[in-house]
Amino acid sequence: MERLGAFVKQHRLWLGGLCVALVTLFALAWAGYTLHYAGMDQCEYQIVHDGYVEKQGLYPTDPAAGLVQQLPAGTGETLYGVRLMFVTDGMVAQGAFRVALEIVDGQTLTACDGDMTTLLDGAFVDVIFASPVTLEEGGSYQLRITFAPAAPEYRAGLVYGGGEQADPALPLTDPLESPAQPRTAALQYITNYTGTGYALKAFAPLAALVFAAVMGGWWLIFVRRAKPHVAFAFFAAALGLVFALVTPPMAGPDEYGHLASAYALANRITGQPGIVAGEQGETLLAMRACDAEYMRDSSGPIGILAYKTMTDELFSAGNSGALTATARVSPPYNVLVLQYLPQTLGILLARALGLGFHAMLLLGRLASVAVYAALGALAVRLAPAAKNIFFAAGLVPMALSLAGSFSADTLVNGLALVFTALCLRGLVRPGMLSRAEQAGLLVLGALLGPMKAVYLVLVLLCVPIPAAALGGSTRSRLFKALVWVVAAASWLWFNGSTVSYMLRSVDVERIQLVLLRLAPGAALAIAAWLRWGKRAWFKKAALAVGALAVVALAAGGAWVLANSGETLTPEEYAASIQPNGESTYVYSFGYILSHIPQTVKLLVNTLGSQLPRYLQGLVGALPGEPIVYGLEISWLLTIALLALLVWACLRPVEEGPLLGRGARWSMGLAVLGVAGLSMLAALCWTPINLTTIFGMQGRYLLPVLPAALLLLGENRVLCLRRETDGALRFGAGALAAAVALQSLVLFASAAYKP
């Protein structure tokens with residue numbers, strides 16, 4: 001036992017690595033096993049003829065001669081098989097059957113031989129050919145269905161539609177008789193098929209990548225003792241690539257809209273038309289012919305067949321770069337074009353290389369991952385303390401999932417990490433911020449608001465930076481004022497139309513009237529305070545005048561509330577209800593002002609019922625577009641992710657507070673401000689008859705997650721007794737890998753097709 005203990009103590013590092021490798025292999029084996037059975041024999045169907053009468057069957061005069069069904073002219077599609085509805089006289093027939101795909105002259109291209117016992121009476125049966133066939137453009141094809149029953153009493157035929165339910169161009173014939181009327185069999189094409197081994201073949205390279213990511217992170221952290229920003233860059237790049245492969249095309253949050261916006265930007269960069277209005281008022285985007293086939297204005301399909309389509313087309317090349325097609329897309333999002341620059345570069349590279357749609361999508365995603373990994377690593381390196389907070393916040397699966405898809409939030413999340421790290425650097429590091437760091441604060445403060453309006457509040461983080469860090473009190477005041485002015489100006493310039501829309505039903509003129517009447521009094525009060533503010537009699541008079549001002553403001557506010565907003569008549573409300581049960585009227589500032597009790601009830605009900613989902617969305621436990629797919633990572637992983645974030649906040653017991661009172665107040669206001677403004681923005685898109693706010697998601701709080709964790713770290717109730725940096729950083733990467741694996745299983749096992 002002593003020798004064993006000594007051996008374990010001497011080699012515990014490598015034994016720990018072996019345990020990590022075994023656990024990782026077990027998780028990969030579990031995922032592969034689940035994928036194998038979820039993806040076995042999955043088909044995608046295309047209806048060819050759907051006009052038929054159930055149980056109306058045509059039996060061949062001679063089973064060996066069979067029946068012949070003409071097919072539509074080929075259009076270049078690949079046919080894996082067909083779906084036919086058989087009849088068997090209500091019995092289980094015994095024998096064999098054969099379905100052959102032929103050219104009209106009788107040459108057999110491929111066939112399927114099957115057992116007649118699998119033909120259920122009046123049910124569709126999948127007939128998979130021995131090999132897939134591509135139907136050439138304009139080619140003429142037919143199906144020949146023959147039977148070899150084990151006894152004369154076993155009969156089988158096809159369900160068909162006759163008369164008006166038949167298609168004269170697609171006749172179903174018995175070679176030994178002339179039909180009295182046109183007949184067409186119930187028929188579907190099988191245009192995609194996974195077979196029995198596709199899932200494991202496709203999973204093998206991804207499994208190798210996940211294993212390399214986990215073990216590479218372990219080696220960097222525990223063997224090489226790499227610096228935190230190096231380990232972060234590795235995990236973010238490797239796991240970002242995993243998420244880019246795991247998320248099916250167009251399945252990321254609003255990815256279809258972001259892809260269209262990035263594609264339009266790529267068009268404009270190359271001097272080509274972007275998004276234009278069609279003749280019917282629809283939004284059209286000029287595209288390559290190979291891209292238009294897959295472009296859509298809604299979230300894409302999921303399931304194992306979505307992955308098969310992606311892998312089948314991933315290595316297609318030689319595509320023309322000419323924009324000869326158009327696709328209907330969603331209207332572009334109101335964001336800075338800078339937010340789509342990484343993905344746009346990936347699109348331009350793919351188009352220059354002649355790659356297909358799926359390779360283009362992957363290159364755009366990889367460019368997004370590269371930028372996010374670089375920004376996150378920079379934030380971890382700049383942070384003078386609490387590096388674990390930036391490490392864990394930057395590696396939450398939600399942030400990696402957004403980075404691994406077309407999303408305007410990728411750049412926002414990365415820049416917010418850097419901005420928070422710079423502010424913390426000025427707060428806790430002695431000495432003066434360099435000119436580059438001050439310029440970074442100024443530029444980032446000006447960008448965050450326009451990138452998303454609610455993030456303007458993040459500028460509060462630079463307010464408590466001490467004057468010494470900015471070159472003295474005078475320079476500090478001027479710098480902070482400049483940051484606020486630039487941030488507010490860029491915010492108003494970019495979000496003016498949005499604010500106008502939200503104020504569409506408010507009597508702005510009355511509000512301006514109240515403010516204009518108060519402005520001269522406020523100016524006089526400031527001038528008087530500067531002149532006599534230190535005198536006792538003036539302070540008493542100012543208190544009395546202030547009380548009167550508060551009463552006046554309350555009266556003015558009540559007057560504005562009573563005379564602003566909009567009220568619907570019962571008839572208007574009833575007429576606004578759509579078929580889906582939602583009203584066409586949504587909350588606005590005016591409606592909120594005149595319906596405060598209803599708004600408060602909505603907010604309370606939303607927080608009471610939706611807060612767990614917001615936490616899930618924040619850490620990435622809702623893969624893809626949660627409103628569309630409804631997928632959920634297990635609560636065991638969700639709780640582990642939340643516990644990891646709490647763990648990242650903990651510091652050794654001997655360390656004192658990191659932040660001063662002013663910094664804590666600023667961070668608290670920033671967190672609450674972003675959360676409140678996000679709720680308000682979602683509220684202004686919520687139909688007035690809903691009981692919870694529509695569209696609010698936890699991922700909107702990712703930019704303030706580091707600030708929230710810094711605040712939580714000031715709580716000294718929980719502390720660390722020893723250093724756990726390595727374990728925490730490896731745990732962040734390992735948990736993200738586990739979430740990626742379960743996301744893959746959920747995506748592949750689900751069935752959604754728009």
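Helix H11 (397-403) and helix H24 (725-749) each contribute at least two residues to the lining of the largest cavity. Helices are DSSP runs (H or I) of at least four residues, strands (E) of at least two, numbered from the N terminus. The model is predicted, so local features need pLDDT of at least 70 and side-chain atom pairs pLDDT 80 or more, while totals for chains, interfaces and linings use all residues. Residues are numbered from 1 along each chain as its sequence is written, and side-chain values use heavy atoms, without hydrogens and water.

Five cavities of 30 Å³ or more are present. A cavity is a set of points on a 1 Å grid over the protein atoms alone where a 1.4 Å probe fits but cannot get out; lining residues have an atom within 4 Å of a point. Volume is the space filled by probe spheres set on the points, which are joined across faces, edges and corners. The largest cavity holds about 80 Å³. Its lining includes Phe243, Met398, Gly620 and Phe747.

Helix H12 (residues 409-428) packs against helix H23 (residues 705-713) at about 40°, with axes 9 Å apart. Axes are lines fitted to C-alpha atoms over the stretch in contact, and angles run from 0 to 180 degrees between N-to-C directions. Leu417, Thr420 and Leu424 of H12 meet Pro706, Ala707 and Leu710 of H23; contact means heavy atoms within 4.5 Å.

Strand E3 (residues 67-70) pairs with E10 in the antiparallel sense over two bridges; pairing requires at least two DSSP bridges.

Notes. On a 1 Å grid over the protein atoms alone, a cavity is a set of points where a 1.4 Å probe fits but cannot get out, and a pocket is an open set with protein on both sides within 12 Å along at least five of seven lines; lining residues have an atom within 4 Å of a point.
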